[in-house]
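Trainee: I've just opened this one and I'd like to learn how to read it. Can you walk me through it, feature by feature?

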Amino acid sequence: MKPRDIPNTLCALRIALVAPLLWTILSGQYVLATLLFGLAGFTDLLDGYLARRFGWHTPLGALLDPIADKVLTVGVFLCLMAVGLIPRWLAALVIGRDLYIVSGSAVYRRFVGPFKAGARMPGKLTTAAMLLFVWLLLARAAVGWPSEGVTMILGATLAVLVVVSALDYTRHWARQARTPSQDLKTENELT
């Protein structure tokens, strides 16, 4: 394996972790779920860092990373809702944002053209908040830490960031549609 393949391997590992993670959540094995989710979150952070730091971008990585992120997010939030750890409205909000970004990107490309997607700061903050919220929520279910108040505050923060991030994508798409540039590089990594 070449060093530039490490981010792709980490994405593949994250995808492979989804099924066991969802099973542990649904079966109430929250200690194991906390560990698996922590590993999945770490692979997400590490693959992105390595790709940016060393320029290890590949067409496969551009496809795998958003797929891994969306499969993990949608699966985890559906399972957390199914076992009653989060309210339906929060699961719908988080999953709705992902669907909005994916469908908005497709509509933009179809009717306007290519755009620079890349990770935007509100999206990065939303991803970080989501990873922290889910990890701490699972830890609370596993060992009773942190307090319910902490997870409620993180959940509310996540909800606000989800809305802000979706609005930021809308504003970004509108700005690019009004002022298209010939030198935009299309990036497929959506956060």
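Trainee: Let's start with N8. Which helix does N8 lie in?

Mentor: Keep in mind that this is a predicted model. N8 lies in helix α1, which covers residues 6-26.

Trainee: Is N8 buried or exposed?

Mentor: For that, look at the relative accessible area, where under 20% means buried. N8 has 10%, so N8 is buried.

Trainee: And what does N8 touch?

Mentor: Leave out residues up to four places away in sequence, and N8 touches T58, L60, G61 and L64. With G61 there is a polar detail too: a polar atom of the N8 side chain lies 3.3 Å from the backbone nitrogen of G61.

Trainee: Now the surface. Which residues make the nonpolar patch?

Mentor: I15, L60, L63, I67 and V71 make a nonpolar surface patch of about 400 Å². Helix α3, residues 59-82, gives the largest share of the patch, with 4 residues.

Trainee: Take V71, then. How do I read its accessibility?

Mentor: Partly exposed is the range between buried, under 20%, and exposed, over 50%. V71, found in helix α3, has a relative accessible area of 38%, so V71 is partly exposed.

Trainee: How do I check the length of a helix, say α2?

Mentor: Compare its span with the one expected at 1.5 Å a residue. Helix α2, residues 30-54, has 25 residues and reaches 35 Å from its first C-alpha to its last, close to the expected 36 Å. Just after α2, G55 takes a positive phi of about 70 degrees.

Trainee: On to charges. How many salt bridges are there in the whole structure?

Mentor: A search finds 9. One of them joins D44 and R14, whose closest N and O atoms are 3.6 Å apart. That pair links distant parts of the chain, with D44 in helix α2 and R14 in helix α1, 30 residues apart.

Trainee: Why is D44 called buried?

Mentor: Because D44 has 13% relative accessibility. R14 is buried as well, with a relative accessible area of 0%.

Trainee: What can you tell me about K70 and D98?

Mentor: Their side chains meet in a salt bridge, 3.6 Å from N to O. K70 lies in helix α3 and D98 in helix α4, residues 88-111, so this pair ties together parts that are 28 residues apart in sequence. Both K70 and D98 are buried.

Trainee: And where do D168 and R171 sit?

Mentor: Both are in helix α6, residues 148-178, and because they are 3 residues apart, about one helical turn separates them. D168 is buried at 9% relative accessible area, while R171 is partly exposed at 41%.

Trainee: One more, T126. What is T126 in contact with?

Mentor: Set aside its neighbours within four places in sequence, and T126 is in contact with R97, L158, L161, V162 and S165. T126 itself is found in helix α5, residues 121-143. Its relative accessible area is 3%, so T126 is buried.

Terms used. Residues numbered from 1 in each chain as written. Predicted model: local features only at pLDDT ≥ 70, side-chain atom pairs only at ≥ 80, totals over all residues. Heavy atoms only, no water. Helix = DSSP H or I, 4+ residues; strand = E, 2+ residues; numbered from the N terminus. Buried < 20%, exposed > 50% of the residue type's maximum accessible area, 1.4 Å probe, protein only. Polar contact = N/O pair within 3.5 Å; in protein donor to acceptor, adjacent residues only side chain to side chain. Contact = heavy atoms within 4.5 Å. Patch = residues over 30% accessible without salt bridge, like charges linked within 9 Å, V, L, I, M, F, W, Y side chains within 5 Å. Areas by Shrake-Rupley, 256 points an atom, 1.4 Å probe, with all protein chains shown as cover. Salt bridge = Lys/Arg side-chain N within 4 Å of Asp/Glu carboxyl O. Expected span 1.5 Å × (residues − 1).
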